[in-house]
Every structure is written in structure tokens, then in C-alpha cells.
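Let's take a walk through this one together. Keep the sequence and the 3D view open as you read, and look up each stop along the way.

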Amino acid sequence: MALADFLADLDSLLTSANAAFAAAADSDSLEVARVEFLGAKSGRLKTVQQGLGKIDKPDKPAAGKKLNEVKKAITAAFEQAQQNLSAGGGEDAGDDGFDPTLPGRRARLGHIHPITQTIEQLKEIMGRLGFSVAEGPEVEDKWHNFDALNIPPIHPARSELDNFYLATAEKAAGEPMLLRSQTSTVQIRVMEKTPPPVRIISLGRVYRPDTADATHYPMFHQIEGLMVDRGVTMADLKSVLRLFASSFLGGDVHIRFRPSFFPFTEPSVEVDISWQGGWMEMGGAGMIDPNVLRAVGYDPDEVTGFAFGLGVERICMSRHQVTDIREFYRNDVRFLEQF
Ligand code: DAH
């Protein structure tokens, strides 16, 4: 083979290799070009190189020298193209788009929601006073939400406009079903299952079709308390509530009862708490109505009891001076991370 032909082959090989590497738009096509020109088994450089054996002996040093130069130049062109692609960054940074030198994304640490924190603290405080935690379903029947609680059949609290009645659940159960409007339902469920004495609290969600504003939300939480035994009096109710409030709020807390009415208690009171000035209404309480005790099979001549139902959001709001209940449910971490 003539030396001139060999050198010409090398030159044209370098020209096409340069063009192919420069044209590769991503790492996949660059790899295809690399195999075409530099492939160890049947790359084009390899093929041209095989011509070296047929070069006349005196011309061999010159041919070998040129071969090495072209090999270096093609390799350099490939490396340059590779660098250009990764410097371009974007989706095709590096071979597989993953740049191990970038700093990682820091995982943001969350914490427990303020309402859940309050619930945990209330359970702990009432636990120290000997109250265990009971639970009940959020989808209820009329017996537990109304009838057994001595709420008469024509009472406005049963209105379709004041409750979330559930058509599908009614179909399945064969009787009207609703999202419970109060946790007082759990009093009934516990007393139906357990003979006296009982001493429980229940914490959970309740639902009412109220328009959301600073003090209302269609879903909120209540803490319900129930204590039934021989000789339980209103003095027990008040001292339990005072201990409860002072344990949670700390310091100088006052409890005030205002006469009120609930179908399931007699007498009934509204419970106000004073802490750091001003009275705040926290919920209702009273001595369990004998009709309720009878409805669950207790004997009102044997045992008496008290019950209370307070709003968890209210308790949490007064503790932290939150002025709008909607803040709890906006999922804005700038608000939530303060607690
Ligand atoms: N269930 C009442 C409500 O949601 C609150 C309440 C009042 C609960 C008096 C009680 C109670 O246990 O004794 O408005």
C-alpha cells in the first residue's frame, strides 16, 4: 500500500470523526459515534490501522507516526465533545443526567399538628386524674347521636340543615346515619358496654354544616368527659374541670358555671374559663340526666354522674392566642411551624 493513500485515509478519518463528535447532541449519540470511530473491535480507526501492515518497510515509521497523531486527535475530539455535553448541564448533564457533585435536597423535618399536640396533652392530664380514653365511630346512628341522649324526636338539633346525613351509609345500614355532631355519642357507647363505675374521656372529630369563619369550622374536635359512680356530685365536676384547666394552661385559672340547658344533663351549665384576663366559653357540662342513665340500663337511684364536652380548638386557641380557627386547617407551614 502506498504511503500517500494511507495518510489520506487517516486525514479523512479524522475529518469525519471530528464532524461526528461535534454533531452528537446528547450522550447517547456521542456513544454511538465513539463506537463507530474508536470501537476496539471494528471501529473505523482500527480498520485503517490494519493497513499499516501493508506499508513498505521504509515508509513504516512515517505511517506509524501519523497514525498515532490521528489516534490522539480523534480521542481528544471525543473527550472535548463529552465535556461540552456535561458543561451544557440540563437534562443531559453527565452520562445519565445525575451530577453527584450537586448538594442534595434537604428533607424538611415536620412536627405534630397543634391540635394533635393539644389532644395528646389533654389525654395525659386526664389520664393522671384516672380517666381512660374511649373511642367511637364518626359515622353514627340516630340512637347514639340523639335518642339515647334524651334529645326529643322533634328537637331542632336533628334538623337536616344542622347535620351531615349520609345517604349511602343509610342505604347500607337500613336506617338514617350521619356524621356525629358531638362526642357525647361515646358516653352512650361506653355505658352500654360497661357497668358502672366508669371514668372516661373521648377525643375526636365532630361535624356540623357551619360556614367557616374565625370561630366556626364544619369539622372540629371535642373532648368529652364522663364519670359515673355512687355519689358523684357537681362539686366533683367542678374540681375535675378546674384541675384539668389549670394543668393545661398553668398558673391562675378560674372556672365559672353558667346555668344552661342540654337534653342529656340536668342541671346543665356552660363552662367558662378565665386565664390571663377575660372569660372564655369552653363548652357544656352537667349532671347526667336520669333518662340517659336509664337508656343505657343504669339505675339512676344507684348511681349519678357528670359529663362535659369542650372544644379542643378553643382550648388550643386560648392557650396560644390564635384568633382564627381556619388557620389550623389551611396547611400553611408558616403558621403550623410555630407550635
Ligand atoms: N355535646 C354538647 C355540644 O356539642 C356539649 C356538651 C354539653 C357535652 C354538656 C356534655 C355535656 O357532655 O354534659 O354542644
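First, some ground rules. This is a predicted model, where local features need pLDDT of at least 70, side-chain atom pairs count only at pLDDT 80 or more, and totals for chains, interfaces and linings use all residues. Residues are numbered from 1 along each chain as its sequence is written, and side-chain values use heavy atoms, with hydrogens and water left out.

A ligand oxygen is 3.0 Å from an N or O atom in the side chain of glutamine 187, and an oxygen of the ligand is 3.4 Å from a polar backbone atom of phenylalanine 308. Taken alone, the ligand exposes 360 Å², and the protein buries 90% of that; these areas come from the Shrake-Rupley method with a 1.4 Å probe, and for residues only the protein chains shown count as cover.

Stay with glutamine 182 for a moment. You'll find it in the loop between strand E3 (177-179) and helix H8 (184-193). Helices (H or I, at least four residues) and strands (E, at least two) are DSSP runs, numbered from the N terminus. Glutamine 182 counts as buried because its relative accessibility is 10%; buried means under 20% relative accessible area, exposed over 50%, and partly exposed in between (1.4 Å probe, protein chains only). The side chain of glutamine 182 also reaches the backbone oxygen of asparagine 145 at 3.1 Å. Not counting residues up to four places away in sequence, glutamine 182 touches Asn145, Leu149, Ile151, Val206, Arg208, Gln222 and Phe264, where contact means heavy atoms within 4.5 Å.

Next comes H8. Why is this helix largely enclosed by the rest of the structure? Seven of the ten residues of H8 are buried, so the rest of the structure largely encloses it. Those buried residues include Gln187, along with Ser184 and Met191. The buried residues of H8 pack against several elements, among them strand E4 (198-207), strand E5 (219-229) and helix H10 (290-295).

Now for the rings. A pair of aromatic rings is described by the distance of the centres and the angle of the planes. Rings of Phe, Tyr and Trp (its six-membered ring) pair if their centres lie within 6.5 Å; planes under 30 degrees apart count as stacked, over 60 as edge-to-face and the rest as tilted. The structure holds nine aromatic pairs. Phenylalanine 328 and phenylalanine 335 have ring centres 5.9 Å apart and planes at 70 degrees, so this pair is edge-to-face. Phenylalanine 328 is buried, with a relative accessible area of 0%, and phenylalanine 335 counts as buried at 11%. One aromatic cluster brings together Tyr217, Phe328, Tyr329, Phe335 and Phe339.

Finally, the backbone. Most residues other than glycine have a negative phi, and most peptide bonds are trans. Asparagine 150, although not a glycine, has a positive phi of about 65 degrees. This residue lies in the loop between helix H6 (142-145) and helix H7 (167-173) and is partly exposed, at 25%. A cis peptide bond joins proline 196 and proline 197, with omega about 5 degrees. The bond from glutamate 266 to proline 267 is cis too, with omega near -5 degrees.

How values were computed
Polar contact = N/O pair within 3.5 Å; in protein donor to acceptor, adjacent residues only side chain to side chain.
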